[in-house]
Amino acid sequence: MPRQRKRACQDTPEPETEAPAGKLVKANKAEIPAEPLGEAKTSDSPEKNRATKESGNETSRYWLMKSEPESRLEKGIDVKFGIEDLKAQPRQTACWDGVRNYQARNFLRTMKLGEKAFFYHSNCKEPGIAGLVKIVKEAYPDHTQFEKDSPHYDPSSKKDNPKWSMVDVQFIRMTKRFIPLAELKGYYHAHKDIGGPLQNMALFTRQRLSVQPVTQGEFDFVLSLEDKKPS
DNA sequence: GCCAACGTTGGC
DNA sequence: GCCAACGTTGGC
């Protein structure tokens, strides 16, 4: 079974000055015709509602994206991709490949240019939020699903109807301090009892989802922790 | 379409 | 390294 977390992947050059000759860019712009969002009956009704009534309110939407900052081999390939790895990419941009979960994929497909996401470090010594990124390219086919040697190869996916998507993200900044999962969890539990912005945070209510929505209230609250003493 | 077995996620 | 949570698979 493929895992659903992200690993590094070369950035695709954009219409800009730099486009080094030798870079194997194989016109990979086979944009998929907007597919129906809900394969595999995911129980994402709240999000679907939000997505379908997009006009009007809800001008800003936020995300949380998990990635592993520590080395781990999968099919002999290191899937490590922490925020420092993103910073080290050309234009500090990378494609978010390797998502192999329908709910997470559907969220990827609703992401819009410019939307912000927390870069979350998972499966590591200190899990938590390390920084901020933004969406710089909306969903397109994840090429790793067709690569036999990729840890995320999916033999059931056909070129003319790709199953899996990815977006490109660009580094914005580190959070002023690392915001540990344990601290967020403390607030989550408190807010559950007394009410508060983190009371429904997907990080805790949908615990294994690698790409998840963050509300304005959650986003603001988490950022407010930057200037606060660690609890 | 149910649901048990199985495999993965990911914190601890 | 353990193992709880939970998504996926496949038999029926």
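Residues are numbered from 1 along each chain as its sequence is written, and chains are lettered from A, with ligands numbered from 1, in the order in which they are written. Because the model is predicted, local features need pLDDT of at least 70 and side-chain atom pairs count only at pLDDT 80 or more, while totals for chains, interfaces and linings use all residues; side-chain values use heavy atoms, with hydrogens and water left out.

**View 1. Overall architecture of chain A.** Six helices and eight strands make up the secondary structure of chain A; helices (H or I, at least four residues) and strands (E, at least two) are DSSP runs, numbered from the N terminus. Their order from the N terminus is α-β-β-β-α-β-α-β-β-β-α-α-β-α. Of the 231 residues, 47% count as buried, where buried means under 20% relative accessible area, exposed over 50% and partly exposed in between (1.4 Å probe, protein chains only). The chain exposes about 11,900 Å², of which carbon and sulfur atoms supply 54%; accessible areas come from the Shrake-Rupley method with a 1.4 Å probe, and for residues only the protein chains shown count as cover. Among contacts (heavy atoms within 4.5 Å) between residues at least 6 apart in sequence, 76% join residues at least 24 apart.

**View 2. Strand β6 and its two pairing partners.** Strands are taken to pair if DSSP finds at least two bridges between them. β5 and β6 run antiparallel and are joined by six bridges; Tyr120 has Ile129 of β6 as its bridge partner. Six residues lie between the strands in this hairpin, where Asn123 takes a positive phi near 55°. β6 also pairs with β7 in the antiparallel sense, over 10 bridges, and Ile135 has Val169 of β7 as its bridge partner. Because 11 of its 14 residues are buried, β6 is largely enclosed by the rest of the structure.

**View 3. The nonpolar cores.** A nonpolar core is a set of buried Ala, Val, Leu, Ile, Met, Phe, Trp, Tyr and Cys residues joined through side-chain atoms within 4.5 Å. The largest has 23 residues, and those with the most contacts inside it are Met65, Leu86, Trp96, Met111, Val167, Val169 and Val211. At least two residues of this core come from each of β1, α2, α3 (102-110), β5, β6 and β7. β6 provides the largest share, four residues. A second, separate core of 21 residues includes Ile179, Met201, Leu203 and Leu225.

**View 4. Surroundings of Leu86.** With neighbours within four places in sequence left aside, Leu86 is in contact with Phe81, Gln92, Thr93, Ala94, Phe119, Val133, Val169, Gln170 and Phe171.

**View 5. Packing of helix α6.** In α6 (residues 216-224), the buried residues are Glu218, Phe219, Phe221, Val222 and Leu223. The buried residues of α6 pack against β1 (62-67), β5 (116-121), β6 (128-141), β7 (165-180), α4 (181-194) and β8 (211-214).

View 6. Lys75, although not a glycine, has a positive phi of about 50°. Lys75 lies in the loop between β2 (73-74) and β3 (77-78), and is exposed, with a relative accessible area of 51%. Arg91, also not a glycine, has a positive phi of about 55°. The loop that holds Arg91 lies between α2 (83-87) and β4 (93-95), and Arg91 counts as partly exposed at 23% relative accessibility.
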